[in-house]
Amino acid sequence: MIYQRSSALFQEAKKYIPGGVNSPVRAFKAVGGDPIFVKEAKGAYLFDEDGNRFIDYIASWGPLILGHAFEPVINAVIEKARKGTSFGMPTEIETELARLAVSMVPNIDKIRFVNSGTEACMSAVRLARGYTGKDKIIKFAGCYHGHSDSFLIQAGSGALTFGSPNSPGVTQGTAKDTLLADYNDLEGVKKLVAVNKGEIAAIIIEPIAGNMGCIIPNDEFIHGLREICNQEGILLLFDEVMTGFRLGKGGAQEVLGVNADIVMFGKVIGGGLPVGAFAAREEIMNHLAPDGPVYQAGTLSGNPLAMSAGLAMLTELNKRSEVFESLADKTEHLHEGFDNVLRQKGIPYQINRFGSMISLHFTDEPVVDFASSVKGNNQTFKKYFHGMLEKGIYLPPSAFESYFLNDALSYADLDETIAALTSVFE
Ligand code: KE4
């Protein structure tokens, strides 16, 4: 593959944009080399500035579940743009998308639109604190809820007390209210709750984790969190920025059979334009301004252009709910193909899969939490990533990400991907 134009564009970008990118993971720091600059995309394929074609397993990190430049979404956006993109005033289409989302997702009465998953999670935590009158939250090592200060936290010195910042710029004052637990460790959560009795507003979790690679909660853990929250008056916050409208109409709440108190969305709900959202039962959402005292706002929140993309996307998914099964079947096919190749190569590996989320870890231990996910061999991952890239397969440039299949992927694309893996580990 030739990447000359991408490399030249990257050098130019670095003159004006920190690291040459507007989001760090795009810079290929974890895998080395210069990032690919995309010129255009259609369906399952990306076309870079050097004329290379790639089968895409990122789908813009999740939003493009029906493939790039999906006609009904593009047509809706073009039509809406001609009538103005944003007014800073209420529009009917916001209610249309809100009504549709509420009809698809269990256990929510009202939804507030924002502009990113970060904003959705940040606002949901403020709402939980305002509703409960308590300050602390529990999050899980390896879960990512966007870049709001309260989430950029690592285990503190006394892991059973409070966290410490994992980024400069996050203050100790903020970090003290975030407690860190390990994914799938229910006893650890119980200990944190006991030590901080009566002080915890919320437990926030990725119900199927996608930021440590794909990690699945065990039943006892995820149902146990619900029980703890019921007993302790803690709100359970499901960060469904990845899983929402990807695992099924009702997302992780539906497929896991666990009700959250507040659910956060992003990615698919915007159809590829910037939309985030958070939703809950009426008694909680009515605490939000302007009806309630918890403040939250946004110039472009619910702007009709983004709403038009989200409405077209969710309308399609609501109409064709067989897409979710089709995506899960394709992901299973990829899993089986990878298994058949890697089993013969004598390389330690684990494959985690849930619905259309899947990740490959080069370790012989099951990957069930952050500690086990970091044991993956990153040198092998780099070889895998670049070997697949050379074969025209675009994977997440980090071992700590989930792949996101899109329904424009054909079985021929999947088999081409499996064949590429064979050559990577000749
Ligand atoms: P955004 O602010 O990036 O829209 O959403 C933050 C977020 C919240 N919750 C979950 C579960 C998420 O996965 C994300 C963002 N996901 C990353 C991929 N791991 C986006 C890619 C990026 O940061 O560039």
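**View 1. An open sheet of 4 strands has the order S1-S2-S3-S15, with mixed pairing.** Strand S1 (38–42) and strand S15 (393–394) stand at the edges, each with a single partner strand, so one side of each has no neighbour in the sheet. Two strands count as paired if DSSP finds at least two bridges between them. Helices (H or I, at least four residues) and strands (E, at least two) are DSSP runs, numbered from the N terminus. S1 and strand S2 (residues 45–48) run antiparallel and are joined by 4 bridges. Lys42 stands opposite Tyr45 in S2. In general, strands of a sheet pair through backbone hydrogen bonds, either parallel or antiparallel.

The model is predicted: local features need pLDDT of at least 70, side-chain atom pairs count only at pLDDT 80 or more, and totals for chains, interfaces and linings use all residues. Residues are numbered from 1 along each chain as its sequence is written, and side-chain values use heavy atoms, with hydrogens and water left out.

**View 2. The chain is divided into domain 1 (1–57) and domain 2 (71–319).** These bounds come from an automatic or database domain assignment. The centres of domain 1 and domain 2, taken over C-alpha atoms, are separated by 30 Å.

**View 3. Strand S9 (residues 200–205) runs parallel to strand S10 (residues 235–239).** The two are joined by 4 bridges. Ile203 stands opposite Leu236 in S10. Ile205 stands opposite Phe238 in S10. Strand S5 (residues 136–140) also pairs with S9, in the parallel sense, over 3 bridges. Here Lys136 stands opposite Ile200 in S9.

**View 4. Strands S9 and S10 are mostly covered.** In S9, 6 of 6 residues are buried. In S10, 5 of 5 residues are buried. Buried means under 20% relative accessible area, exposed means over 50%, and partly exposed lies in between (1.4 Å probe, protein chains only). Leu235, Leu237 and Asp239 point one way from S10. Leu236 and Phe238 point the other way. Residues on both sides of S10 are buried.

**View 5. The ligand is surrounded by 16 residues.** The closest are Ser23, Thr118, Asn211, Asp239 and Glu401. A residue counts as near a molecule or strand if one of its heavy atoms lies within 4 Å of it. The shell around the ligand has 5 nonpolar, 7 polar and 4 charged residues. In this classing, Ala, Val, Leu, Ile, Met, Phe, Trp, Tyr, Cys and Pro count as nonpolar, Asp, Glu, Lys and Arg as charged, and the others, Gly among them, as polar.

**View 6. Gly117, Asn211 and Lys267 each place an atom by the ligand.** Gly117 uses a backbone N or O atom, 2.9 Å from an oxygen atom of the ligand. Asn211 uses a polar side-chain atom, 2.5 Å from a nitrogen atom of the ligand. A side-chain N or O atom of Lys267 is 3.0 Å from a nitrogen atom of the ligand. Taken alone, the ligand exposes 540 Å², and the protein buries 86% of that. Accessible areas come from the Shrake-Rupley method with a 1.4 Å probe; for residues, only the protein chains shown count as cover. A polar contact is a pair of N or O atoms within 3.5 Å; within protein, one must be able to donate a hydrogen and the other to accept it, and residues adjacent in sequence count only if both atoms are side-chain atoms.

**View 7. Lys267 has a positive phi, near 55°, in a residue other than glycine.** Lys267 sits in the loop between strand S11 (262–265) and strand S12 (276–280). Lys267 is partly exposed, with a relative accessible area of 23%.

**View 8. Ala59 also has a positive phi, near 55°, in a residue other than glycine.** Its loop runs between strand S3 (53–56) and helix H2 (71–81). Ala59 counts as buried, at 1% relative accessibility.

**View 9. A cis peptide bond links Ala289 to Pro290.** Its omega is near 10°. Pro290 lies in the loop between helix H9 (282–285) and helix H10 (304–319).

**View 10. Ser373 lies in helix H12 (residues 370–373).** The side chain of Ser373 reaches the backbone oxygen of Phe370 at 2.8 Å. Ser373 is buried, with a relative accessible area of 4%.
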